[in-house]
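I opened this entry to keep track of what I looked up. The notes follow the order in which I checked things.

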Amino acid sequence: MVAEVVGLGAGSSRFRPGERAGAAWLARACGACRFCQRESEYLCLAPTFTGWDTDGGMMTVHEDYVYRIPEAYADEQAAPLLCAGIIGYRALRSSGLPPGGKLGIYGFGY
Ligand SMILES: [Zn+2]
């Protein structure tokens, strides 16, 4: 989801109220399981998900899972990138694809 930051929790400093930001499908990872420990938090054994474990788009989310949205993207263009786009980006990074190479992704959608 893409929304305006309306407030900050204790210890939060990455955003300011009024900024536009996006929260991805992965709302938070546990940080302790074997997948989180090897920086594969997308495989976390105890994750929470936006809209599944939280109530839709009006929510409190940890700032580590919130992203600045470039002005060039309208809300409806940016929102799909926070789910399907991240999955595709992870596949690209994991593949070791050389510059100019081609990557096939199956089951990709939003
Ligand atoms: Zn974990």
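I started towards the end of the chain: Gly107 lies in the segment after α3, the helix of residues 84-95. The model is a predicted one, and I read the entries below with that in mind.

Is Gly107 buried or exposed? I counted 5 other C-beta atoms within 10 Å, so Gly107 is exposed; the cut-off for exposed is 12 or fewer. I then looked up its separation from Ala84, which is 23 residues away along the chain. The C-alpha atoms of Gly107 and Ala84 are 10.0 Å apart.

**The sheet**

Next I turned to the strands. In which order do the three strands of the open sheet stand? I noted β1-β2-β5, with antiparallel pairing. For background, I wrote down that strands of a sheet pair through backbone hydrogen bonds, either parallel or antiparallel.

The edge strands are β1 (2-4) and β5 (66-68), and each of them pairs on one side only. On average, neighbouring strands of this sheet are turned by 40 degrees against each other, direction ignored.

I went through the pairings one by one. β1 and β2 (residues 20-23) run antiparallel and are joined by three bridges. In this pairing I found Glu4 opposite Arg20 in β2. Three bridges also join β2 to β5, again antiparallel. Here Gly22 stands opposite Tyr67 in β5.

**Glu39**

I then looked at a loop residue. Glu39 lies in the loop between α1 (34-37) and β4 (48-49). Its phi is positive, about 60 degrees, although Glu39 is not a glycine.

Is Glu39 buried or exposed? It has 7 C-beta neighbours inside 10 Å and therefore counts as exposed.

**The chain as a whole**

Last, I stepped back to the chain. How many helices and strands does the chain have? I noted three helices and five strands. From the N terminus on, the elements run β-β-β-α-β-β-α-α.

Along the principal axes, the C-alpha atoms fill a box of roughly 40 × 35 × 25 Å. Of the 110 residues in the chain, 12% are buried. I also looked up the contacts between residues at least 6 apart in sequence: 50% of them join residues at least 24 apart.

Methods. Residues numbered from 1 in each chain as written. Predicted model: local features only at pLDDT ≥ 70, side-chain atom pairs only at ≥ 80, totals over all residues. Helix = DSSP H or I, 4+ residues; strand = E, 2+ residues; numbered from the N terminus. Buried ≥ 20, exposed ≤ 12 C-beta atoms within 10 Å, placed from the backbone. Pairing = 2+ DSSP bridges. Axes fitted to C-alpha atoms, helices over the stretch in contact; angles between N-to-C directions. Contact = placed C-beta atoms within 7 Å.
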